[in-house]
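Colleague: I am new to this structure. Please show me how to read it, one feature at a time.

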Protein chains: 2
Amino acid sequence: MSKRLVVALSGGVGGAKLALGLSRILPADELLVVANTGDDFEHLGLSISPDIDTLTYVLAGLDNPVTGWGRRDETWSFMDSIGALGGEEWFRLGDRDLALHVERTRRLRLGQTLSEVTSDICRRLGIGTRVIPMSDDRVRTRLRSDARWIDFQDYFVRQQCRPVVHELAFEGVAHARPHADIMTALRSGDVRAVIVCPSNPFISIEPILAIPGMRDAIKASGAPVVAVSPIIGGQAVKGPTAKMMRELGLEASAAGVAARYGDLLDGYVVDHADAKAVRNVGARITMAKTLMTSLHDRETLARVTLDAADALVS
Amino acid sequence: MSKRLVVALSGGVGGAKLALGLSRILPADELLVVANTGDDFEHLGLSISPDIDTLTYVLAGLDNPVTGWGRRDETWSFMDSIGALGGEEWFRLGDRDLALHVERTRRLRLGQTLSEVTSDICRRLGIGTRVIPMSDDRVRTRLRSDARWIDFQDYFVRQQCRPVVHELAFEGVAHARPHADIMTALRSGDVRAVIVCPSNPFISIEPILAIPGMRDAIKASGAPVVAVSPIIGGQAVKGPTAKMMRELGLEASAAGVAARYGDLLDGYVVDHADAKAVRNVGARITMAKTLMTSLHDRETLARVTLDAADALVS
């Protein structure tokens with residue numbers, strides 16, 4: 001009997017697109033999405049989990065198709081009002097989006113774990129796919145620019161990725177435990193593939209891989225690990241991936257991303273535009289259209305990625 | 001030199017109308033509004049102070065003129081979204097209003113007092129009048145209906161005042177300290193009048209008077225105490241005052257309210273419609289139009305009330 005479970009490691013926007021594609025071609029109980037929580041932060045007293053939020057909205061069909069994050073049909077009265085009361089305005093929280101942060105914060109304060117809250121909210125929104133935070137323990141991505149350490153959202157939203165990044169750190173990760181359900185899945189002997197979604201390697205995927213035991217468990221699962229390149233034609237589709245690679249002294253290319261993942265990768269799905277760039281990558285290359293504009297694109301890329309994984313074990 | 005300071009005890013909607021009138025006929029430093037906090041509660045993890053909120057919005061000109069509570073130009077996207085996530089929907093929080101609750105909750109969790117938060121937010125909204133919570137200590141109004149004790153907002157909002165009220169209690173009041181600025185004012189020897197706004201005596205004014213030392217300090221201030229009747233023509237303008245009086249075995253009338261305040265009152269401003277009802281009230285009666293529909297009504301009633309107070313000492 002063939003193995004059934006697909007484990008997808010995902011950040012926000014780009015990752016959520018592929019996660020949605022996977023969720024539409026796989027039965028709900030055959031997909032487990034592991035969400036980065038290194039971007040999580042507390043803002044205006046609320047506990048915000050940007051990648052879980054994006055995954056939740058995308059998988060529930062509530063996402064804003066224009067921005068890729070936040071909710072559709074959003075209104076902004078809260079933001080219009082908070083500044084006059086002395087509240088910070090640099091991180092924009094829509095009125096509908098706020099419901100998720102307020103409800104999550106309330107439950108966390110009652111002692112529920114992030115994964116419990118996430119699981120219940122996904123269920124209430126009709127999401128069959130399991131979305132699991134990489135850990136219920138606190139991990140916070142920080143970036144060093146010259147001598148100064150910056151919180152991730154400060155860098156990403158407030159400073160719009162302008163600071164030059166010299167180093168990254170995942171505060172708390174040394175003591176963070178991977179979520180038990182992830183480890184149970186990886187050890188089940190039933191993992192068909194581990195998919196590394198086309199998210200920023202440094203700020204979306206590496207926090208997940210940095211959780212003690214996670215990388216080893218992925219390797220030990222025996223499942224093929226296939227990444228989808230977040231770089232198309234040498235550029236990041238969205239976000240600071242390419243800029244960050246250059247600043248870190250890495251090659252800002254699909255090959256540079258593969259090199260960063262190193263021996264974790266068995267397969268690598270790259271865009272046709274990057275065919276030449278990945279000639280010397282060790283993983284088995286699959287060429288595809290990786291820009292996901294339509295829902296059809298998401299499903300097609302999910303299928304290509306799974307096929308690439310399946311081909312590695314046949 | 002005549003005494004200058006007017007201290008107004010106020011609940012929400014009706015009280016805020018008179019407080020606004022007073023704020024418009026007095027210099028900012030001659031009015032101190034003492035706000036009931038017995039209605040305060042925690043909802044969806046947020047700290048809500050309904051009477052302070054109403055006073056804040058009314059004094060800032062941000063109030064909803066139709067409802068008398070909440071903000072004008074309000075939107076409801078948050079409420080539209082919270083139910084699907086499992087959040088309670090019976091207490092309606094508008095998107096703009098939410099900004100105040102989120103910001104207050106954030107600051108209280110940082111260790112600021114309710115009075116510090118209130119004072120800063122009033123300042124930011126351009127309110128010159130000082131609005132001071134009766135206490136920074138937690139007091140919670142509860143009501144007994146038959147054998148069951150009910151939280152105030154449960155009774156007031158969720159059950160829309162339907163339960164028969166047999167008893168009231170102000171949980172925590174025995175250990176609550178009156179706000180120091182209120183006591184300093186009352187002991188200053190400079191109090192021109194203490195105005196009891198036309199709020200529900202049981203749930204808006206009595207929690208204030210029940211703070212240990214408050215009633216004595218009012219008496220000891222030597223200032224005339226003048227109440228404005230919340231009953232017009234034997235009916236409450238808004239809310240459960242008359243119903244509650246009947247249920248508590250009291251006369252549901254302007255005279256019944258005066259009797260409830262007892263020897264605290266020196267003067268009593270009642271509506272022309274209640275002229276006959278107050279024949280046997282001990283306090284000096286002033287007849288007026290007490291229904292405040294327009295801004296002019298609010299200012300006029302404020303003036304009449306102050307004149308009544310001044311007449312008691314001349």
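Modeller: Start with a charge and a ring. The charged end of Arg158(A) sits over the ring of Trp90(A), 5.1 Å from its centre. A charge sits over a ring if NZ of Lys or CZ of Arg is within 6 Å of the ring centre and within 35 degrees of the ring normal. In chain B, the charged end of Arg158(B) sits over the ring of Trp90(B), 5.1 Å from the centre.

Colleague: What should I know about the model and its labels?

Modeller: This is a predicted model, where local features need pLDDT of at least 70, side-chain atom pairs count only at pLDDT 80 or more, and totals for chains, interfaces and linings use all residues. Residues are numbered from 1 along each chain as its sequence is written, chains are lettered from A and ligands numbered from 1 in the order in which they are written, and side-chain values use heavy atoms, with hydrogens and water left out.

Colleague: How many aromatic pairs are there over all chains?

Modeller: A pair of aromatic rings is described by the distance of the centres and the angle of the planes. Rings of Phe, Tyr and Trp (its six-membered ring) pair if their centres lie within 6.5 Å; planes under 30 degrees apart are stacked, over 60 edge-to-face, and the rest tilted. The count over all chains is 10 aromatic pairs. One of them joins Phe41(A) and Phe91(A), edge-to-face, with 4.8 Å centre to centre and 65 degrees between the planes. This pair links distant parts of the chain, 50 residues apart: Phe41(A) is in strand E3 (residues 41–43) of chain A, and Phe91(A) is in the loop between helix H3 (77–82) and helix H4 (95–109) of chain A. Helices (H or I, at least four residues) and strands (E, at least two) are DSSP runs, numbered from the N terminus.

Colleague: Are Phe41(A) and Phe91(A) buried or exposed?

Modeller: Buried means under 20% relative accessible area, exposed over 50%, and partly exposed in between (1.4 Å probe, protein chains only). Both Phe41(A) and Phe91(A) are buried. Along with Trp90(A), they form one aromatic cluster.

Colleague: Which pair can I look at in chain B?

Modeller: Take Trp90(B) and Phe91(B), edge-to-face at 6.1 Å centre to centre, with 85 degrees between the planes. Trp90(B) is partly exposed, at 22% relative accessibility. Phe91(B) is buried, at 11%.

Colleague: Where does Cys122(B) belong?

Modeller: Cys122(B) is one of the buried residues of helix H5 (residues 114–124) of chain B. Others listed there include Leu114(B), Val117(B) and Ile121(B). The buried residues of H5(B) pack against H2, helix H4 (95–109) and strand E5 (130–133) of chain B.

Colleague: What about a buried charge, such as Arg71(B)?

Modeller: Count Lys and Arg as positive and Asp and Glu as negative, leaving out His and the chain ends. A salt bridge is a side-chain nitrogen of Lys or Arg within 4 Å of a carboxyl oxygen of Asp or Glu. Arg71(B) is buried yet has no salt bridge; the nearest side chain of opposite charge, Glu74(B), is 5.5 Å away. Contact means heavy atoms within 4.5 Å. Not counting residues up to four places away in sequence, Arg71(B) touches several residues, among them Ser81(A), Tyr57(B) and Asp97(B).

Colleague: Which residue other than glycine has a positive phi?

Modeller: Most residues other than glycine have a negative phi. Leu44(B) has a positive phi, near 55 degrees. Leu44(B) lies in the loop between strand E3 (41–43) and strand E4 (46–48) of chain B. Leu44(B) is buried, with a relative accessible area of 5%. Asp73(A) also has a positive phi, of about 50 degrees. Asp73(A) is exposed, with a relative accessible area of 59%.
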